[in-house]
Amino acid sequence: MNKGVSVENIRRNGAIYVAESRIRQMSKWKGIIAVVSIGNPLFYLVAIGIGIGILVTENSGTSGTGGVEYIVFIAPALLANTALLGAMDETVFPVMEGFKWRKMFYAMNSTPITGPQIALGVFLAALVRVAFSVLVYWILLVAFGVLSFQDSWFSTVVAMYGGAAFGALMMGVVAGVQKDDYFLTVLGRLVITPLFLFSGTFFPLTNMPIYLQPIGWISPLWHTTELGRYFGYGQQLSGTMLLLHSLYLTAMLVVGIKISNVRFTNRLLK
Amino acid sequence: MPESLISARGLTKKYGDFTAVDGIDFDVAKGESFGLLGPNGAGKSTTMRIIAATSRRTAGTISILGRDPEEHGPQVRAHLGVVPQQDNLDTELTVTENLYIYGRYFGLSKKFVKNKVNELLAFAQLEEKADVKVEALSGGMKRRLTIARALVSEPDILMLDEPTTGLDPQARHILWDRLFRLKEDGVTLIITTHFMDEAEQLCDRLVVMDKGKIMAEGSPAELIKKYSTREVLEVRFGSDRNKEVAPILREMCERIEELPDRILLYVEDGEALLEAITAKGLHPNTSLVRRSSLEDVFLRLTGRSLIE
């Protein structure tokens with residue numbers, strides 16, 4: 001063994017080494033990541049924010065959106081959505097690749113790196129991607145005059161936190177997926193799309209009949225969006241709801257990381 | 001007795017009702033090239049995973065460099081270089097990047113790894129492919145890269161699971177040459193294989209495994225001496241006549257194995273036996289006299305061929 005190999009050093013920094021290699025892998029896709037991070041939200045902003053926004057304003061002014069223009073109303077939701085989708089991309093695909101498609105996690109685990117370190121490394125790298133996407137989008141929103149630079153900066157932290165919570169949960173879920181035949185299709189069409197549509201993204205959740213509102217209550221997107229609207233442009237939010245939204249995301253983060261740790265450890269130890 | 005790096009007693013691994021490894025004992029000495037020979041499903045890879053601290057044993061004890069791999073996984077793996085049965089390289093990264101990131105997993109400094117990468121590229125004869133994405137490499141190149149990757153930390157023990165399966169003869173010989181150099185450098189090698197020629201080429205000592213158990217142990221020469229004769233005469237009379245002449249041939253040799261397409265006759269002098277058979281008026285369609293191999297040992301021990 002080379003004398004430079006230090007198990008103590010690896011115990012402290014193993015997750016960083018994994019994140020380092022994940023970011024290197026991501027850099028191979030940097031063009032696509034940049035286009036997705038900038039292009040996708042821009043399309044939504046123009047098409048829905050401006051296009052549908054005019055329709056909303058002409059018909060009901062700002063009464064249905066808590067006193068702000070429609071584009072301002074949806075901006076924190078789109079910011080949250082960018083964070084959550086970025087987190088999903090950087091957890092679901094690397095975990096499927098690592099365990100199943102290219103089995104790289106087994107290569108990592110044949111070194112002193114442990115399962116929980118691999119999970120944490122993937123998670124940290126996902127956060128870097130989330131931070132990048134959120135900041136790019138936020139700068140666009142500020143540049144377009146939708147949000148104010150001084151008053152809305154904390155909404156980026158909220159969006160990143162929501163992304164972190166959702167990413168942790170997705171990582172835990174995907175670590176348990178053995179057969180991926182239908183998983184990604186079901187995830188995309190039956191989980192992500194409904195969450196996007198029923199999380200108070202384009203209209204307040206309370207506009208929905210009460211029996212549909214629980215979809216929003218369990219959705220991290222709704223909790224992140226509500227916090228984003230509070231910190232983004234000062235939408236009314238009670239102290240209780242502020243606490244509940246924060247606790248829900250924190251619980252998702254903690255549970256996601258716990259499940260990931262257990263599943264990564266067990267799946268690597270045959 | 002040389003210093004023992006690995007010592008296993010009663011090592012057992014069960015998956016539900018299936019026993020993959022069934023109470024095996026073995027020791028591996030420092031600098032030794034130790035082989036696990038057996039057909040697919042014999043328990044070789046499972047044994048390798050237990051040694052590599054990536055599988056929990058069901059019973060028994062195992063110590064690697066004095067440590068229990070279950071309790072000290074990272075510490076044990078710090079000493080190992082692992083070449084799995086299937087290459088698990090990152091195919092989207094280049095050859096150099098694969099070596100680099102793997103070195104970092106061992107906590108090695110960026111500077112050290114960068115220097116080491118050049119040395120490993122030369123060892124694996126991949127200098128010209130240094131900046132090529134792994135997905136563009138041939139099977140043999142990928143295998144050499146996987147072995148080079150396992151050497152980045154200068155491991156005390158290099159573990160190779162079926163190192164040449166799926167490679168063409170030329171690629172196999174290049175790989176054997178590389179492994180032989182490592183052996184000369186004093187690296188302890190643990191190799192699983194179902195190729196008897198590979199085991200004979202690379203292993204100082206080996207265990208023959210079947211259905212999770214160790215059937216025999218020794219150097220290739222010792223095993224052949226103990227479980228087979230010096231020579232083997234292979235004769236083919238055609239699938240219809242093989243059955244007919246077998247009882248006559250049985251009386252003329254120490255041991256006989258009837259395979260679907262040919263008959264193996266175990267004797268000290270194959271040419272003399274062939275003459276005797278011909279003298280009896282039995283004329284085989286084809287005949288071949290060869291030295292006994294580990295294939296014959298395996299056939300003797302299990303009644304089955306290694307590659308079925």
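This is a predicted model: local features need pLDDT of at least 70, side-chain atom pairs count only at pLDDT 80 or more; totals for chains, interfaces and linings use all residues.
**Chain A, overall**

I started with the secondary structure of chain A and found 10 helices and 0 strands. The C-alpha atoms fill a box of roughly 70 × 40 × 35 Å along the principal axes. Buried residues come to 48% of the 270 in this chain. I also looked at contacts between residues at least 6 apart in sequence, and 80% of those in chain A join residues at least 24 apart.

**Chain B, overall**

Chain B has both kinds of element, with 11 helices and 13 strands. Its C-alpha trace spans about 75 × 45 × 40 Å along the principal axes. Of its 308 residues, 48% are buried. For contacts in chain B with a separation of 6 or more, I noted that 69% come from residues 24 or more positions apart.

**Where the chains meet**

**Nonpolar cores**

The largest has 149 residues, and A:Leu79 and B:Met159 touch the most other members. Helix α3 of chain A (residues 70-101) gives the most to this core, with 18 residues. From chain B, the core draws at least three residues from each of domain 1 (1-79 + 156-219) and domain 2 (91-151).

I clicked through the neighbours of B:Met159, skipping residues up to four places away in sequence. B:Met159 touches B:Met48, B:Ile51, B:Ala52, B:Leu80, B:Gly81, B:Val82, B:Val83 and B:Ile190. There is also a second, separate core of 13 residues, with B:Val232, B:Leu249, B:Leu264 and B:Tyr266 among them. A reminder to myself: in soluble globular proteins, nonpolar side chains tend to be buried together.

**B:Val152**

This one sits in the loop between α5 (139-150) and β6 (157-161) of chain B. Is B:Val152 buried or exposed? I counted 27 other C-beta atoms within 10 Å, and 20 or more is the cut-off, so B:Val152 is buried. Beyond four places in sequence, its contacts are B:Leu99, B:Tyr102, B:Gly103, B:Phe106, B:Val113, B:Lys116 and B:Leu120. I checked B:Leu99 in particular: it is 53 residues away along the chain, yet the two C-alpha atoms are separated by 7.1 Å.

**Positive phi**

I flagged two non-glycine residues with positive phi. A:Lys103 has phi near 55° and lies in the loop between α3 and α4 (104-109) of chain A. With 16 C-beta neighbours inside 10 Å, A:Lys103 counts as partly exposed. B:Leu65 has phi near 50° and is placed in the loop between β4 (59-64) and α2 of chain B. I found 19 other C-beta atoms within 10 Å of B:Leu65, so B:Leu65 is partly exposed.

How values were computed: Residues are numbered from 1 along each chain as its sequence is written. Chains are lettered from A and ligands numbered from 1 in the order in which they are written. Helices (H or I, at least four residues) and strands (E, at least two) are DSSP runs, numbered from the N terminus. A residue is buried if 20 or more other C-beta atoms lie within 10 Å of its own, exposed if 12 or fewer, and partly exposed in between; C-beta atoms are placed from the backbone. Two residues are in contact if their C-beta atoms, placed from the backbone, lie within 7 Å. A nonpolar core is a set of buried Ala, Val, Leu, Ile, Met, Phe, Trp, Tyr and Cys residues joined through C-beta atoms within 7 Å. Domain bounds come from an automatic or database domain assignment.
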